[in-house]
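Please keep the sequence and the structure in view while reading.

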Amino acid sequence: MKKLNLLLVFLIGLTILSCSSDDNNGTDDQIPEETTKLLKKMTFSGNGNYSLTFFYNDDNKIDRMQSAGTGDDFIKQFYYNNGVLDRAEFQDLNGVSDGSIEQYVYNNGLLIERQDFYNNTTLDERFLYSFTNNNIEYIQYIGNGQTTYSEEYIFEYDTNNNVISRKHDYLNTAISDQELTFTYDTKKSPFLNFQPNIVLIDDFFSFNNNPTSRILTDLSNDTVISEKNYTYTFDNDDYATSKTDGTETIVYEYY
């Protein structure tokens, strides 16, 4: 059902901070404006050349994402109900739905689940969410035809709410559990103002700072499966403008 496992959601407001001091000269001391940016486009090169472009609604929440150069280009359109994310729909470049829908489910205003459908009404997969202090504590995965979850993702965070560990726990003991661990810089992530960021949680786990390393470990024998180290360039506002691991490079553009 998935066309591209790169799903991403953004909340941005322009914030102007100023303060006045009542000194004898009657002058005002102002704190410099803090620039707030929305991610516009990600261009990938190295492992194929393609891009994702982001569009926002009047509330600065993600309205749609559009791919180009993937070989199976699509639009992912998001719909809201009273400002709350309701569902996402996959469409072709003419805006015609292909029947793939991600439906978000709430209980007393709290997000608890995402249900993925194909052919509009056929349930394929489910993702159960649990939050602590607005951070995802775990995600439980229920596959097609399953009545209970078969996989669980467990998250840990640093003091800046960046994910430092995501453990992938399989209930099937024949499959080895895995863990992703991260380190970060102190600069601004391209996803800093992206809302709602739950739509990107399949592929992007942190939205404040930039990961400088990513290590995937097989927990059955503590063997490192893969390791990546990242370097960045930044603009004058400390937002990342590019990221590379030496093989793939991503260039970021902003509104």
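The sections below take up the basis of the model, its salt bridges, its nonpolar core, its aromatic pairs and the setting of one serine.

## Basis of the model

The model is predicted, and local features need pLDDT of at least 70, side-chain atom pairs count only at pLDDT 80 or more, and totals for chains, interfaces and linings use all residues. Residues are numbered from 1 along each chain as its sequence is written, and side-chain values use heavy atoms, with hydrogens and water left out.

## Salt bridges

Across the whole structure, a search finds 11 salt bridges, a salt bridge being a side-chain nitrogen of Lys or Arg within 4 Å of a carboxyl oxygen of Asp or Glu. One of them joins Glu102 and Arg114, whose closest N and O atoms are 3.9 Å apart. Because Glu102 lies in strand E6 (residues 97–107) and Arg114 in strand E7 (residues 110–118), this pair ties together parts that are 12 residues apart in sequence; strands (E, at least two residues) are DSSP runs, numbered from the N terminus. Glu102 is buried, at a relative accessible area of 0%, and Arg114 likewise counts as buried at 0%, where buried means under 20% relative accessible area, exposed over 50%, and partly exposed in between (1.4 Å probe, protein chains only).

Arg114 also forms a salt bridge with Asp116, with the closest N and O atoms 2.8 Å apart, and Asp116 is buried at 0% relative accessible area. Through shared partners, salt bridges join Lys76, Glu102, Arg114, Asp116 and Asp202 into one network.

A further salt bridge links the side chains of Glu113 and Arg126 (2.5 Å, N to O). Glu113 lies in strand E7 and Arg126 in strand E8 (residues 122–132), so the pair ties together parts that are 13 residues apart in sequence. Glu113 is buried, with a relative accessible area of 7%, whereas Arg126 is partly exposed at 24%.

## Nonpolar core

In soluble globular proteins, nonpolar side chains tend to be buried together. Here the largest nonpolar core has 43 residues, and those with the most contacts inside it are Met42, Phe54, Ile198 and Val199; such a core is a set of buried Ala, Val, Leu, Ile, Met, Phe, Trp, Tyr and Cys residues joined through side-chain atoms within 4.5 Å. Strand E2 (residues 50–56) supplies the largest share of this core, 4 residues.

## Aromatic pairs

The structure holds 13 aromatic pairs, for which rings of Phe, Tyr and Trp (its six-membered ring) must have centres within 6.5 Å, planes under 30 degrees apart counting as stacked, over 60 as edge-to-face and the rest as tilted. Phe182 and Tyr184 form a tilted pair, 6.3 Å centre to centre with 35° between the planes. Phe182 is buried at 9% relative accessible area, and Tyr184 counts as buried at 18%.

The rings of Phe182 and Phe205 have centres 5.7 Å apart and planes at 65°, so this pair is edge-to-face. Since Phe182 lies in strand E12 (residues 178–184) and Phe205 in the loop between E12 and E13, the pair ties together parts that are 23 residues apart in sequence. Phe155, Phe182, Tyr184 and Phe205 form one aromatic cluster.

## The setting of Ser213

Ser213 is found in strand E13 (residues 211–218) and is buried, with a relative accessible area of 11%. Leaving aside residues up to four places away in sequence, Ser213 touches Thr181, Phe182, Thr183, Lys228, Asn229 and Tyr230, contact meaning heavy atoms within 4.5 Å.
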